[in-house]
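Work through the exercises below with the sequence and the model at hand. Each task is followed by a solution in steps.

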Amino acid sequence: MNLNGYINSENVILIGMPGSGKSTCGVLAAKMLLKNFFDTDLLIQSIEGKRLQNIINEKGISGFKAAEEYAVLSLEISGTVIATGGSVVYSDKAMRHLKSLGKILYLHLSFESMEKRISNIKTRGIVLEHGSSLEDMYKERLPLYEKYADITIECDNENIEETVKKIVAAVENKA
């Protein structure tokens with residue numbers, strides 16, 4: 001069944017810190033926007049045949065970033081809400097490709113909110129340079145998210161439903 005005629009072809013790309021709700025809110029926003037949903041972390045795992053954390057453990061940070069860039073550059077989809085991994089912003093090439101595919105929405109969280117939301121830092125598959133703290137990662141990525149964002153959505157003190165409403169409103173230009 002070809003659904004392309006029924007779906008608005010513009011993609012919505014979600015970027016943001018780990019724990020910002022890209023995957024969780026993305027799938028719900030896709031339903032409300034009548035779009036497909038795609039998670040680049042799942043694509044990386046499928047290509048590599050390993051969980052994200054195992055890729056980081058076995059290939060190191062640079063190997064993981066290369067795998068992530070490869071996966072993102074392979075995307076040729078439309079009419080989709082795309083949830084990206086938090087580290088995708090380290091690749092200018094990947095971000096240019098995503099920007100060519102659609103509108104980039106940055107789900108912004110304060111450091112304090114991100115820290116509260118992340119409980120499984122050792123197993124989650126977070127790209128954290130050796131010796132770097134979660135706060136170091138936050139400070140390093142923040143300007144990159146801001147650089148690539150077409151729209152910033154504040155997610156602090158918001159539940160999933162409120163964040164999804166903000167995503168839908170932003171896409172429908174009601175923000």
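**Exercise 1: aromatic pairs**

Phe111 and Tyr138 are both buried (under 20% relative accessible area, where over 50% is exposed and in between is partly exposed, with a 1.4 Å probe and protein chains only). This is a predicted model, in which local features need pLDDT of at least 70 and side-chain atom pairs count only at pLDDT 80 or more, while totals for chains, interfaces and linings use all residues. Residues are numbered from 1 along each chain as its sequence is written, and side-chain values use heavy atoms, with hydrogens and water left out.

Task: find how many aromatic pairs there are, and describe each.

Solution. 
- Step 1. Apply the rule: rings of Phe, Tyr and Trp (its six-membered ring) pair if their centres lie within 6.5 Å; planes under 30 degrees apart count as stacked, over 60 as edge-to-face and the rest as tilted. The count is 2 aromatic pairs.
- Step 2. Tyr106 and Tyr145 are stacked, at 5.1 Å centre to centre with 20° between the planes.
- Step 3. For Phe111 and Tyr138 the ring centres are 5.7 Å apart and the planes at 70°, so the pair is edge-to-face. Phe111 belongs to helix α5 (residues 111-117) and Tyr138 to helix α6, so parts 27 residues apart in sequence are tied together.

**Exercise 2: helix α6**

Task: state where α6 bends and which of its residues are buried.

Solution. 
- Step 1. Take the bend as the angle between axes fitted to the seven residues ending at a residue and the seven starting there. α6 bends by about 30° at Arg141, and Pro143 follows within four residues.
- Step 2. The buried residues of α6 are Leu134, Met137, Tyr138, Arg141, Tyr145 and Tyr148.
- Step 3. Their cover, counted by contact (heavy atoms within 4.5 Å), includes β1 (11-16), α4, β4 and α5.

**Exercise 3: Val12**

Task: is Val12 buried or exposed, and what is it in contact with?

Solution. 
- Step 1. Val12 is in strand β1. Val12 has 0% relative accessibility, so Val12 counts as buried.
- Step 2. Apart from neighbours within four places in sequence, Val12 is in contact with Lys35, Thr80, Val81, Ile82, Lys103, Leu105 and Val171.

Conventions:
Helices (H or I, at least four residues) and strands (E, at least two) are DSSP runs, numbered from the N terminus.
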